[in-house]
Amino acid sequence: MDSARRHTSAPDDVRTTAPAGRALATEAVHAGRDDLAGRGLHAPPIDLSTTYPSYDSRGEAARIDAFAATGAEPDGPPVYGRLGNPTVARFEAALARLEGTEAAVAFASGMAALTAVLLVRGSMGLRHVVAVRPLYGCSDHLLTAGLLGSEVTWTDPAGVADALRPDTGLVLVESPANPTLAEVDLRAVAHACGSVPLLVDNTFATPVLQRPAEHGARLVLHSATKYLGGHGDVLAGVVACDEEFAGRLRQVRFATGGVLHPLAGYLLLRGLSTLPVRVRAASANAADLAGRLAADPRVSRVHYPRIGGAMVSFEVYGDPHEVVGGVRLITPAVSLGSVDTLIQHPASISHRIVDADDRRSAGVSDRLLRLSVGLEDVDDLWADLDRALGERAAGAIPLREALARTE
Ligand SMILES: Cc1ncc(COP(=O)(O)O)c(C=O)c1O
């Protein structure tokens with residue numbers, strides 16, 4: 001294997017941000033792979049090495065010193081798997097392209113990615129976090145419990161500026177939020193943040209529907225477990241950001257060990273290539289189902305984001321547990337973003353760890369169900385949901401009322 005192929009970092013030609021004129025669908029297929037043809041390859045190689053031979057200890061010392069100073073990916077061949085991996089670097093390069101950022105840093109899970117961000121800011125003495133509910137339940141819990149020594153102030157988007165303190169290290173929002181699909185005006189919040197980094201969890205939107213860096217977010221986080229992987233077989237997280245912050249994240253990743261496995265890096269790169277197609281097709285299904293749910297007398301409220309997407313949340317008049325127990329084609333399971341459709345009851349699972357009052361005041365009612373819509377035929381999905389919703393009350397509701405139930 002030539003030394004160029006063994007570089008930890010993706011080659012320079014794949015690390016830079018998207019050249020103007022290339023569409024997202026093109027980037028999704030080619031980013032992180034631009035060097036392959038020149039190397040006589042078509043599929044990206046998977047490098048499973050944990051360590052790499054080096055006969056030049058003096059050179060290694062210099063490269064390790066350079067990494068300790070800036071966190072920039074070491075030049076030349078990789079050193080050790082916890083410091084960086086070439087297959088993972090391809091996924092990072094590709095995701096940075098799609099999000100329009102200088103860099104991206106991958107982690108073992110979305111929670112490991114958020115942990116690394118909090119550790120970076122906490123290590124600078126900036127332990128205060130301003131956050132907008134709802135967030136994914138475990139993100140909420142990590143902040144509320146102060147597990148990493150952080151202190152959180154919860155506010156609504158309009159209250160962000162007033163909640164900032166001299167020791168505020170981060171502002172955190174999800175948009176659309178898990179599980180209510182509430183949307184945040186990212187540009188307005190980024191403006192309110194001033195010099196404090198805004199982290200947008202873009203897991204639900206994906207860069208296909210929304211690129212938060214274009215609206216002023218300094219950090220864009222994904223649970224890559226969801227749409228980026230897209231097939232329910234990879235657990236991963238990633239933060240897309242500028243090179244300076246990426247360097248600090250790599251240093252934390254090296255010191256704390258929440259690295260992504262190279263095989264997961266390979267699967268994520270493969271997942272990215274179909275991301276635009278999957279998100280658009282699943283979103284069309286979701287919009288269709290949102291309309292049918294809004295017109296259904298058994299459903300009291302439907303949440304569907306203005307920007308679209310493949311997530312639909314809805315509240316039922318009846319027992320939500322019966323609906324979860326009644327599906328046959330749809331899988332009752334937590335998580336989201338796979339090719340198949342999943343349903344879950346947030347108050348019981350994804351947001352169970354959040355205090356019940358906090359959960360309810362954030363709009364997560366006990367009757368709310370969250371549907372992650374996949375790529376099945378939409379009529380088959382509706383037939384399953386229709387059956388699971390149980391007996392129909394007589395008479396459909398008027399269209400005007402149906403539309404008013406969709407948010
Ligand atoms: C919006 C959001 N952010 C972060 C996470 C955490 O990601 P992971 O499960 O990959 O750690 C999740 C998980 O469901 C999520 O939905």
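Leu181 is buried, at a relative accessible area of 4%. Buried means under 20% relative accessible area, exposed over 50%, and partly exposed in between, with a 1.4 Å probe and protein chains only. This is a predicted model: local features need pLDDT of at least 70, side-chain atom pairs count only at pLDDT 80 or more, and totals for chains, interfaces and linings use all residues. Residues are numbered from 1 along each chain as its sequence is written, and side-chain values use heavy atoms, with hydrogens and water left out.

Stay with Leu181. Its phi is near 65°, a positive value in a residue other than glycine. Leu181 sits in the loop between S4 and H8. Helices (H or I, at least four residues) and strands (E, at least two) are DSSP runs, numbered from the N terminus. Strand S4 covers 168-174 and helix H8 covers 186-193, and Pro179 is found in the loop between them. A cis peptide bond joins Asn178 to Pro179, with omega about 10°.

A polar side-chain atom of Ser223 lies 2.8 Å from a ligand oxygen. For Lys226, an N or O atom in the side chain is 2.8 Å from an oxygen atom of the ligand. The protein covers 91% of the 390 Å² of accessible area that the ligand has on its own. Such areas come from the Shrake-Rupley method with a 1.4 Å probe; for residues, only the protein chains shown count as cover. A polar contact is a pair of N or O atoms within 3.5 Å; within protein, one must be able to donate a hydrogen and the other to accept it, and residues adjacent in sequence count only if both atoms are side-chain atoms.

Gly110 brings us to helix H5, residues 110-122. Its 13 residues reach 18 Å from first C-alpha to last, close to the 18 Å expected at 1.5 Å a residue. The expected span is 1.5 Å times one less than the number of residues. H5 is mostly covered, with 10 of its 13 residues buried. Among them are Gly110, Leu114, Val117 and Arg121.

Now take helix H4, residues 86-99. Its 14 residues should span 20 Å at 1.5 Å a residue, and its end C-alpha atoms are 20 Å apart, so the two agree. For H4, 14 of its 14 residues are buried. Asn85 caps the N-terminal end: a side-chain oxygen lies 2.8 Å from the backbone nitrogen of Thr87. Just after H4, Gly100 takes a positive phi of about 75°.

Other backbone features lie elsewhere. The peptide bond from Arg133 to Pro134 is cis, with omega near -5°. Pro134 lies in the loop between strand S2 (128-132) and helix H6 (137-144). Ser335 is a residue other than glycine with a positive phi, near 80°. It lies in the loop between strand S10 (331-332) and strand S11 (342-344). Ser335 is partly exposed, at 24% relative accessible area.

Leu269 counts as buried because its relative accessibility is 3%. Its C-alpha is separated by 29 Å from that of Ile349, 80 residues apart along the chain.
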